[in-house]
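Work through the exercises below with the structure in view. Try each task before you read its solution.

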Amino acid sequence: MQKPDIGLIFEENLPDEIFREFEIGVKADGLKIIVETREPMGAMMCAEWFIFPTIMAYIGKSYFDVFLKEMGKEHYSLLKDKLSKLTDKAMSEPRIEPTLFATEGKISSNNPFSLACSIHAEAENGKVFKLLLPKHNNNSNYKLIVDRFMDFISDYHLGLQTLNSIGCPWEIEDLTSDMIFVHYNCETNEIEWLNHKDYK
């Protein structure tokens with residue numbers, strides 16, 4: 001199946017109003033969007049950050065390489081706005097944060113990031129950036145986080161940012177995992193790479 005420019009996947013037990021609102025808000029001629037539901041994943045035998053979130057947004061490399069070059073920056077600003085609003089609404093619902101049962105070696109005790117919602121963005125060589133969002137609290141500024149991440153992804157596809165510039169010591173072809181974990185560091189106001197092995 002051809003990859004979408006923008007995708008949104010959420011568990012089928014969630015009301016779909018905010019997701020359809022997002023779809024309508026970013027719709028444009030020539031833009032391939034997929035919005036669909038899936039069954040809850042159930043128990044998974046993998047490290048915590050690799051677990052598929054309750055809500056997952058996806059931005060394909062084609063959005064930056066093809067669509068934006070043809071349509072300009074107006075849609076990019078619109079996408080950032082709609083994506084940040086969707087993220088804020090989703091993260092303000094405490095009931096969508098999964099409750100996990102600890103399995104030795106699989107679930108960390110010090111994970112500060114949410115399993116309810118994440119944003120994935122295609123990199124290259126089959127790799128995907130996964131933005132880890134902090135669990136909801138009164139100080140969470142998801143609009144700022146999403147804006148910084150989207151600007152990083154845009155700069156990455158323009159060649160203005162690299163893995164090394166966000167703190168990753170390896171080149172993309174040397175990574176053993178297809179998932180590249182990143183987060184927003186509020187102290188540096190930057191998107192930074194995270195090593196999941198540090199959060200065991």
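**Exercise 1.** Find the ring that Lys 73 lies over, and state the distance from the ring centre.

*Solution.* Lys 73 lies over the face of Tyr 76, at 4.8 Å from the ring centre. To count, NZ of Lys or CZ of Arg must be within 6 Å of the ring centre and within 35 degrees of the ring normal.

Two remarks on how to read the values. The model is predicted, so local features need pLDDT of at least 70 and side-chain atom pairs pLDDT 80 or more, while totals for chains, interfaces and linings use all residues. Residues are numbered from 1 along each chain as its sequence is written, and side-chain values use heavy atoms, without hydrogens and water.

**Exercise 2.** Classify the aromatic pair of Trp 49 and Phe 113, and state which parts the pair ties together.

*Solution.* Step 1: recall the rule. Rings of Phe, Tyr and Trp (its six-membered ring) pair if their centres lie within 6.5 Å; planes under 30 degrees apart are stacked, over 60 edge-to-face, the rest tilted. The whole structure has 11 aromatic pairs.

Step 1: apply the rule. Trp 49 and Phe 113 are 5.6 Å apart, centre to centre, with 75 degrees between the planes, and the pair is edge-to-face.

Step 2: place the residues. Trp 49 is in the loop between strand S2 (33-38) and strand S3 (55-59), and Phe 113 is in strand S4, so the pair ties together parts 64 residues apart in sequence. Helices (H or I, at least four residues) and strands (E, at least two) are DSSP runs, numbered from the N terminus.

Step 3: check the accessibility. Trp 49 is buried at 5% relative accessible area, and Phe 113 is buried at 6%. Buried means under 20%, exposed over 50%, and partly exposed in between (1.4 Å probe, protein chains only).

Step 4: Ring pairs link Trp 49, Phe 50, Phe 113 and Phe 181 into a cluster.

**Exercise 3.** Are Trp 170 and Trp 193 buried or partly exposed?

*Solution.* Step 1: Trp 170, at 41% relative accessibility, is partly exposed. Step 2: Trp 193, with a relative accessible area of 18%, is buried.

**Exercise 4.** Classify the ring pair of Trp 170 and Trp 193.

*Solution.* Step 1: the ring centres of Trp 170 and Trp 193 are 5.7 Å apart and the planes stand at 85 degrees, so the pair is edge-to-face. Step 2: Trp 170 lies in the loop between helix H4 (142-157) and strand S6 (179-185), and Trp 193 in strand S7 (residues 190-193), so the pair ties together parts 23 residues apart in sequence.
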